[in-house]
Amino acid sequence: MGLTRRGLLRPLSAAVAMAATTVLVAGAAAAPVDVEPADMAPAPGAAAAPVPRADLSHHGYVSLWGDRIAIRIRSENRGPSDVTASTVRLRFSAPLAASQELPYGCLRGGKATVLCETGGLRSAGGARQTALDLRLAGRPDEVVVRLDSVWSGGARDTDRTNDVHEVLAPATGDAYAF
């Protein structure tokens, strides 16, 4: 059985073992990466349950200087359904330093990946803030940060344009918005 990108993170602690890999049983095919679990057909004879819909949104900024990168993320849900839990993934074009102090609710997903839970997000409710101050393995002139939702509490996101971002951050110390 394959693990889909959006089905990885239920309790965040389980993500360490699964975040950067896909496990396949011999002879089984992995589900396409961009397919929402809700888009997959139910088992034959099973009734399809209604799928809650939500609109997760992540905005903020990235700032790079020397071997340091700061990311501030504001996550919210524009509805119509509440989201019981969600997780945002940050992928960097440069590897992170091996030793990192991550904020509560965040963990490493590989040499250049960090996963952070944003918790439950009420429909049209308040936003959650995530602040990361990371060290890179080197001192690159620029870093590309890719940010996306990898778990939305089982809700189908109706607008992926506001929770998937790619930001180029030159090593100027300036804040680059997404």
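Predicted model: local features only at pLDDT ≥ 70, side-chain atom pairs only at ≥ 80, totals over all residues.
Colleague: What makes Arg-89 and Asp-148 a salt bridge?

Modeller: The N to O distance between their side chains is 2.7 Å. The cut-off is within 4 Å, for a side-chain nitrogen of Lys or Arg and a carboxyl oxygen of Asp or Glu. The pair therefore counts as a salt bridge.

Colleague: How do you know that Arg-89 and Asp-148 link distant parts of the chain?

Modeller: Arg-89 sits in strand E4 (residues 87–92) and Asp-148 in strand E8 (residues 142–151), and the two are 59 residues apart. Both Arg-89 and Asp-148 are buried.

Colleague: Why is the contact of Arg-72 with Asp-133 called a salt bridge?

Modeller: Their closest N and O atoms are 3.2 Å apart, and the limit is within 4 Å, so the name applies.

Colleague: Why is Arg-72 called partly exposed?

Modeller: Its relative accessibility is 26%. Buried means under 20% and exposed means over 50%, so a value in between is partly exposed. Asp-133, with a relative accessible area of 38%, is partly exposed because the same cut-offs apply.

Colleague: What makes Asp-163 buried?

Modeller: Its relative accessibility is 0%. Buried means under 20%, so Asp-163 counts as buried. Asp-163 also forms a salt bridge with Arg-160, the closest N and O atoms being 3.2 Å apart.

Colleague: How many salt bridges does this rule give?

Modeller: The count comes to 5.

Colleague: What makes E8 a mostly covered strand?

Modeller: Of its 10 residues, 8 are buried. For the chain of 178 residues, the share that counts as buried is 41%.

Colleague: How do you know that E4 and E8 pair?

Modeller: Two strands pair if at least two bridges are found between them. E4 and E8 have 6 bridges, so they pair, and the sense is antiparallel. One of the bridge partners is Val-145 in E8, facing Phe-92. E8 is also joined to strand E10 (residues 165–170) by 6 bridges, again antiparallel. There, Glu-142 has Pro-170 in E10 as its bridge partner.

Colleague: What makes E5 and E6 a pair?

Modeller: They share 4 bridges in the antiparallel sense, and at least two are needed, so the pairing holds. Among the bridge partners are Cys-106 and Cys-116, the latter in E6.

Colleague: Which strands form the open sheet, and in what order?

Modeller: The sheet has 5 strands in the order E5-E6-E4-E8-E10, with antiparallel pairing.

Colleague: Why are E5 and E10 called edge strands?

Modeller: Each of them pairs on one side only. Neighbouring strands of this sheet are turned against each other by 25° on average, direction ignored.

Colleague: What is the make-up of the chain in helices and strands?

Modeller: The chain has 1 helix and 11 strands. Along the sequence, the pattern is α-β-β-β-β-β-β-β-β-β-β-β.

Colleague: How much of the contact count comes from residues 24 or more positions apart?

Modeller: They account for 71% of the contacts in the chain with a separation of 6 or more.

Colleague: What is the accessible surface of the chain, and how much of it belongs to carbon and sulfur atoms?

Modeller: The accessible surface comes to about 9200 Å², and 54% of this belongs to carbon and sulfur atoms.

Notes:
Residues numbered from 1 in each chain as written. Heavy atoms only, no water. Buried < 20%, exposed > 50% of the residue type's maximum accessible area, 1.4 Å probe, protein only. Contact = heavy atoms within 4.5 Å. Areas by Shrake-Rupley, 256 points an atom, 1.4 Å probe, with all protein chains shown as cover. Axes fitted to C-alpha atoms, helices over the stretch in contact; angles between N-to-C directions.
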